[in-house]
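Please read them beside the sequence and the coordinates.

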Amino acid sequence: MRQASAAFRLLAPMVAVGVLVVGCGAGPSSPTPVPTHSAAAAPGAPAPTSAADKPLRVAPAPSPLDLPVGSLYKNPANNRNELVLADVQHTAVLIGDSQSMPKDSWPQRGIAALGYKLHVVGMGGTGFVASNGTTGNYIDALQRGDWVLPYGDPPLIVVQGGGNDASQHATDAQITSNAERLLAALKKRYPGARLAMIGTLARGAANGGGRRTEVDALLGRIAAKHTVPFVSAGDWLTRHDAVQDLQDGVHMKASGHKKLGDVLAVELAVLGLAPRPDYPAQ
């Protein structure tokens with residue numbers, strides 16, 4: 001019995017090792033990771049892709065060519081609203097004050113007489129520095145969107161004014177600074193357009209033109225500095241016998257608008273600002 005006990009003590013560790021070996025044998029294989037897609041792909045179908053793997057499709061911005069006439073188009077080049085016109089290629093832009101605002105005003109008549117269509121912006125009581133409390137001066141009104149310029153490439157842009165700057169006592173330095181800022185903005189936006197300026201309607205230095213005539217002369221110097229064609233109107237009321245055509249000392253009657261419109265058309269033509277001929281595509 002003592003020998004059997006000894007034998008059992010020798011076999012017991014071997015039995016334990018055997019049990020351990022059997023317990024550590026290869027069990028069931030680990031499950032293969034399952035894709036996280038909600039549905040399994042059909043046999044032979046391409047593997048599904050996540051939304052992040054798909055290219056994003058951005059809806060294109062509307063083209064101004066697809067917008068109806070009269071629509072506002074936010075030009076991404078300058079972040080300003082611009083107006084879609086029917087025929088911008090034959091439309092002159094007139095920026096002006098109350099001298100320009102009435103339909104058939106002398107600035108409008110003079111430009112239209114050359115064969116242009118017109119897009120008129122501005123407001124009475126405004127100028128290079130002057131504002132009317134609602135609409136800013138020319139450069140501020142442009143930047144703030146008080147009025148909008150056309151989308152596209154108009155052939156001619158004319159800036160008229162100065163009378164309100166004279167009456168609101170704007171200094172030469174203020175007028176010069178804002179006029180140059182405006183010209184720079186217009187040249188940048190419409191590099192292919194011809195620019196022109198019309199001065200301040202007045203009686204002339206020898207006939208009581210005063211500050212209005214001085215502002216006209218100042219605008220002429222600014223235009224010359226920037227090689228912009230300029231029509232001086234600082235003595236037109238007396239030179240063209242238009243004092244009798246004034247309705248209130250500053251603004252014209254219908255007869256005055258016609259008379260000075262004819263004068264302006266001649267001046268613009270002399271400066272070479274008549275429409276350029278349309279050449280057929282080669």
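1. Basis of the values. This is a predicted model, in which local features need pLDDT of at least 70 and side-chain atom pairs count only at pLDDT 80 or more, while totals for chains, interfaces and linings use all residues. Residues are numbered from 1 along each chain as its sequence is written, and side-chain values use heavy atoms, with hydrogens and water left out.

2. Strand β5. Helices (H or I, at least four residues) and strands (E, at least two) are DSSP runs, numbered from the N terminus, and buried means under 20% relative accessible area, exposed over 50%, and partly exposed in between (1.4 Å probe, protein chains only). Five of the five residues of β5, residues 156–160, are buried, so this strand is largely enclosed by the rest of the structure. In a regular strand the side chains alternate between the two faces of the sheet. Both faces of β5 are covered, with L156, V158 and Q160 buried on one side and I157 and V159 buried on the other.

3. Partners of β5. Two strands are taken to pair if DSSP finds at least two bridges between them. By that criterion β3 (residues 91–96) pairs with β5 in the parallel sense over four bridges, and β6 (residues 194–198) runs parallel to β5 and is joined to it by five bridges. V158 takes part in both pairings, being the bridge partner of L94 and standing opposite A196 in β6.

4. Helix α8. This helix, residues 254–270, has 17 residues and reaches 25 Å from its first C-alpha to its last, close to the 24 Å expected at 1.5 Å a residue; the expected span is 1.5 Å times one less than the number of residues. Its buried residues are G256, H257, L260, G261, V263, L264, A265 and L268, and these pack against α2 (106–112), β6, β7 (230–231) and α7 (236–239), where contact means heavy atoms within 4.5 Å. After α8 comes G272, whose phi is positive, near 80 degrees.

5. Two aspartates may deserve a look during backbone checks. D104 is not a glycine, yet has a positive phi of about 65 degrees; its place is in the loop between β3 and α2, and at 42% relative accessibility it counts as partly exposed. D241, likewise not a glycine, has a positive phi of about 50 degrees, is found in the loop between α7 and α8, and counts as partly exposed at 48% relative accessibility.

6. Nonpolar cores. A nonpolar core is here a set of buried Ala, Val, Leu, Ile, Met, Phe, Trp, Tyr and Cys residues joined through side-chain atoms within 4.5 Å. The largest has 31 residues, of which I95, F128, L149 and M197 touch the most other members. At least two residues of this core are supplied by each of β3, α3 (138–144), β5, α5 (172–189), β6 and α6 (210–225), and α5 gives the largest share, six residues. Leaving aside neighbours within four places in sequence, M197 is in contact with F128, V159, L183, L219, A223, V228, P229, F230 and V231. A second, separate core of 23 residues includes A92, Y116, L260 and L273.

7. Which residue forms a salt bridge with E82? A salt bridge is defined as a side-chain nitrogen of Lys or Arg within 4 Å of a carboxyl oxygen of Asp or Glu, and a search of the whole structure finds nine of them. E82 forms one with R189, the closest N and O atoms being 2.7 Å apart. E82 lies in β2 (residues 80–83) and R189 in α5, so the pair ties together parts that are 107 residues apart in sequence. E82 is buried, with a relative accessible area of 3%, and R189 is buried at 16%.

8. Other salt bridges. The side chains of R144 and D146 meet at 2.7 Å, N to O, in a salt bridge; R144 is exposed, with a relative accessible area of 53%, whereas D146 is partly exposed at 32%. Within α8, K258 forms a salt bridge with D262, the closest N and O atoms being 3.3 Å apart. These two residues, K258 and D262, are four residues apart in the helix and therefore separated by about one helical turn. K258 is partly exposed at 44%, as is D262 at 41%. Salt bridges that share partners also join D172, R211 and E214 into one network.
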